[in-house]
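Q: I would like to learn how to read a fold from its coordinates. Can you take me through it feature by feature?

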Amino acid sequence: MSSTTTAPAPAPAPAPALAHVPHRRRLNMLSKPDPNWVRSDDFHASFLIPHDDALERSLKYSVEQGLPEINVHAGQGKLLNLFARSIQAKRILEVGTLGGYSTIWFARAVPADGQVITCELKESFAEVARNNFEYAGVGDKIKVLVGPAAETLQTLPSEEKFDLAFIDADKASNLTYYLQAKRLVRRGGVIIVDNVIRNGTVANPEIDDENVRGVRALLAHIKDDKEVDATTIGTVSEKGYDGFLYSIYL
């Protein structure tokens, strides 16, 4: 009987060297990220998110100016950009500017005659953000409103509708911001709220701080609000374990 030999399977191709590693934030978050999550973020970004001088510079400049490193990370920024583009958003409302990292992603999503209105509590943060906007070449698309967002939002006319709203400010005021966003967003528009999982603490009955209460109040309201439909998506990333709420104003 003749014998046959099986050729050895080819060795798998090595993972490509990462083209770039985004500015890495300090670990001032709810949960320490698993190294696998960080490696996965960097790996996928190396294929899908090219190095961007303006975005990288905005992160570094914000840190140099003393702003906390609590911005969305690159993958989330890209996702927000894709969300906005998928609905052809022309007007976007943001609550919580910080250094303007996510704002730049939004400004790049709207057309040349589009606008992003972003609310920031602190003038010092707003000034850093404006600097970042000018460097990124999107300053003409962005208007920064400074002051307590709960008050600022009340001054915006409901006749000038937004296509998308992104809420990423103090979590205790989530419901206040959401209700104002709903007033200002068009029917069929999108409202996204960040940081609603909080390392699972929102679902833990033994934890009861103002941030957790703010998320719970929002969820309780949406449960009985027949004018919106929503879901929450948990995420693991270089930021740790968190997630966002995605809703549509029906």
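Q: How many helices and strands does the protein chain have?
A: This is a predicted model. The protein chain contains 8 helices and 7 strands.

Q: What percentage of the residues in the protein chain is buried?
A: Of the 250 residues, 48% are buried. Buried here means under 20% relative accessible area.

Q: What do the contacts in the protein chain say about sequence separation?
A: Take contacts between residues at least 6 apart in sequence. In 73% of them, the partners are at least 24 apart.

Q: Next, a helix pair. At what angle do the axes of α7 and α8 cross?
A: Helix α7 covers residues 174-184 and helix α8 covers residues 210-224. Their axes come within 8 Å and cross at roughly 40°. That angle makes α7 oblique to α8.

Q: Which residues meet where α7 touches α8?
A: From α7 come Asn174, Leu175, Tyr178 and Leu179. From α8 come Gly214, Val215, Ala217, Leu218, His221 and Ile222. By class, this contact has 7 nonpolar residues, 3 polar and no charged ones.

Q: Is His221 buried or partly exposed?
A: His221 sits in helix α8. His221 is partly exposed, at 26% relative accessible area. Set aside neighbours within four places in sequence, and His221 is in contact with Leu175 and Leu179. His221 and Leu179 are 42 residues apart in sequence, with 9.6 Å between their C-alpha atoms.

Q: Take a strand residue for contrast. Where is Val190, and is Val190 buried or exposed?
A: Val190 belongs to strand β5. With a relative accessible area of 2%, Val190 is buried.

Q: Which residues is Val190 in contact with, leaving aside its neighbours within four places in sequence?
A: They are Ile87, Asp163, Leu164, Ala165, Val185, Tyr246, Ser247 and Ile248. Look at Ala165. Ala165 and Val190 are 25 residues apart along the chain, yet their C-alpha atoms are separated by 6.3 Å.

Q: On to empty space. How is it found?
A: A probe the size of a water molecule is rolled over the atoms, and this shows where empty space is left. Here, the count is 4 cavities of 30 Å³ or more. The largest cavity holds about 80 Å³ of space.

Q: Which residues line the largest cavity?
A: The lining consists of Val72, Gln76, Leu79, Leu80, Phe83, Phe166, Ile192, Asp194 and Phe244. By class, that gives 7 nonpolar, 1 polar and 1 charged.

Q: Which elements supply at least two residues of that lining?
A: Helix α3 (74-86) and strand β5 (185-194) each do. The largest share, 4 residues, comes from α3.

Q: Which element gives the most to the lining of the second largest pocket?
A: Helix α3 gives the most, with 6 residues. At least two residues each come from α1 (35-48), α3 and β6 (228-237). By class, the lining has 9 nonpolar, 6 polar and 4 charged residues.

Q: Where are Gln88 and Asn199 placed?
A: Gln88 is in the loop between α3 and β1 (91-95). Asn199 is in the loop between β5 and α8.

Q: How exposed are Gln88 and Asn199?
A: Gln88 is exposed, with a relative accessible area of 70%. Asn199 is partly exposed, at 33%.

How values were computed: Residues numbered from 1 in each chain as written. Predicted model: local features only at pLDDT ≥ 70, side-chain atom pairs only at ≥ 80, totals over all residues. Heavy atoms only, no water. 1 Å grid on protein atoms, 1.4 Å probe; cavity = no way out; pocket = protein on both sides within 12 Å on 5 of 7 lines; lining within 4 Å. Points joined across faces, edges and corners; volume = space filled by probe spheres on them. Nonpolar A, V, L, I, M, F, W, Y, C, P; charged D, E, K, R; others polar. Axes fitted to C-alpha atoms, helices over the stretch in contact; angles between N-to-C directions. Parallel < 35°, antiparallel > 145°, perpendicular 65-115°, else oblique. Contact = heavy atoms within 4.5 Å. Buried < 20%, exposed > 50% of the residue type's maximum accessible area, 1.4 Å probe, protein only.
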